[in-house]
Amino acid sequence: MRISLNRSRLNANLVIGTILITIIILFGLLGPLFVNARNARVGAVRPNLRPSSSNILGTDAQGRDVLSTLTLAIPLTLQVGVIAGSASVILGLVLGLLAGFFGGIADWVVRTLADVLIAVPVVAFLILMVARMDSPNIVIVAIAIALLTWGGTARGIRAQVLTMRERAYTMVARANGESDLEVLFREIFPNLLPLMMANFIGAVSAGIYTTMSLEVLGLGSKATPSLGMMIFWTQRMSAVLRGQWWWWGPPILLIALIFVGLFLISSGLDRFVTPAIPLARWRLINRKNNLASVAPASADNTAILQIRNLRVEYLTQAGAVKAVDDVSIALQPGERLGLIGESGSGKTTMATAVMRLSKPPAQIVGGEVLLDGRDMLSLSNQELRKLRLKEIALIPQAAMNSLNPVIRVGPQITDAIVAHLGRMPQSHLDARVAEVLNKVGLRPEVAGRFPHQLSGGMKQRVAMAIAIILKPKVIIADEPTSALDVVVQQQVMETLGALQKELNAAVLLIGHDMGLIAQFSDSIGVLYAGKLVERGLVQDVIDSPLHPYSRMLIDSLPGLTQKKALVGIPGLPPALTNLPTGCAFHPRCPLAHDRCRTEIPAIQAFKPGRQVACHLYPEHTQLPPIKAVEPEVAVRQ
């Protein structure tokens, strides 16, 4: 069966490396069946013979057949690597788990020992040890290598465990009644397997390299052939000066192939666990050709921010996914625009694209983002750095993750000032920090605290303080109240509203809470499956929505004046990798007709200030009535 490396988790490095090492192992295991092991003894054959049909790789100066010696040397060289690698990884894994998961005195002891061992010159130490042995034992040498090299593995495992033990799934496991050992081996240990595989390959390479370093110095077993000792004898007998390339060439080539194979396997395993993104495909995209396929949005010279025909795609194994598809929005100075839609509709993708912070596999493939007339998509990185925060700022989603946990609040704010305005006296910086903290409702002493010492609402206010410190013209707030309770949500939004008025900044508020968006915004844009389906003033959209999706979003809100049954939108948002033909909303739309199933609706001006992408218009002057969906049906679907 043909394997497609482009669509499989396999990759060329892993396949080639595995094949190469497998061939070498088979050569070492099966080779003795086809060669005469006695010819690997000193004096077994005539010395210094060139390669021939009877001696394929010739003979050395000591009367040994080079091919027979090479065949017997491979298993011994690989054996020391496997023993050293296995022992090093097992020891590092056990101690790393112990230090990272349980902490305390165990963590201190393991870290101290690991730091000491990392500072020890391994080869120099082994030279002193092996030099005192009459006949070096390969197993003892391999174990000594493991005892001296487990520190790096333990530090890596410990670092991973420290992060994993605090993640949500381990907390859920404890809440479900799992003991510490069960959490360790059921939840954390499986996540360490990729790191263990990479460490094992690295430890095997280190074991082979270290042992060969000793053997090349003549500190190996002179009775048992190995690749390192073959090189030692070529030096001892001046094989290079005597032109005996068949003696020194094969062992050096084989050693190189072993290290190349192990390297390819190590890098291949890394790609297998975390598949690499084929960025080369994105470089083939001709942005001008993409732009030519869509009609440009009309210009609005009064807008501070204009998003024209923006298109953002994600490269996946299933193909290019259109996360933002031909979206155009204009934002006036001082305007508050709320962008709403279900999860996966493209809201955050659009926000990061506007800031030009999209990272692979996301790629902006078309459109323009004009900030006060300048196209941000065509600016250099240096020009972008000058614009970000100073003229357009981002209040990120989940402020608890956007603040550096090991730096106090004050320096995080002053870093933003210094990055744009340069160094200034510390007293001036402290005064500006105190001023901006006061504006967001925090006391000046908060500047001396670490983020973990703040509540969720306080962290969000700190993120807000950083965003407004340079008085930007545009603020993009990406779900700034996520994970906050309703009281704190109201306080945060009131603070944002007051700051917006003071700065007269335009705000693009992104969220999925129609009630919150409606209370804060002047106008609303509704996204569905990456497309803008409706845009209008808040009151117009709430009182008289034009798109069926907007109507159903509003109907799903709970009532405050009277109790009503909760009503949801039937079905689920479509997978962007497999969008339905025609209008993406038609499988869930109660007003869908034949045209909706075959033709994608274009955004059209319904009247001044109102836009809608629906085939109901312009035939209709308003949205036809939608029959309420029974709660049982909505849940069942």
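**View 1. Overall chain of the predicted model.** Of the 637 residues in the chain, 46% are buried, a term applied under 20% relative accessible area with a 1.4 Å probe and protein chains only. The model is predicted: local features need pLDDT of at least 70, side-chain atom pairs count only at pLDDT 80 or more, and totals for chains, interfaces and linings use all residues. Residues are numbered from 1 along each chain as its sequence is written, and side-chain values use heavy atoms, with hydrogens and water left out. The secondary structure comprises 22 helices and twelve strands, taken as DSSP runs (helices H or I, at least four residues; strands E, at least two) numbered from the N terminus. Contacts are heavy atoms within 4.5 Å; among those between residues at least 6 apart in sequence, 67% join residues at least 24 apart.

**View 2. Packing of helices H4 and H7.** Helix H4 (residues 122-130) packs against helix H7 (residues 180-216) at an angle of about 50°, their axes lying 10 Å apart. Axes are lines fitted to C-alpha atoms over the stretch in contact, and angles run from 0 to 180 degrees between N-to-C directions. H4 contributes Val 122, Val 123, Leu 126, Ile 127 and Val 130 to the contact, and H7 contributes Thr 210, Ser 213 and Leu 214.

**View 3. Surroundings of Ile 517.** Ile 517 lies in helix H19 (residues 514-520) and counts as buried because its relative accessibility is 2%. Beyond neighbours within four places in sequence, its contacts include Gly 338, Leu 339, Ile 340 and Ile 524. The C-alpha atoms of Ile 517 and Glu 479, 38 residues apart along the chain, are separated by 9.9 Å.

Definitions and conventions: Buried means under 20% relative accessible area, exposed over 50%, partly exposed in between (1.4 Å probe, protein chains only).
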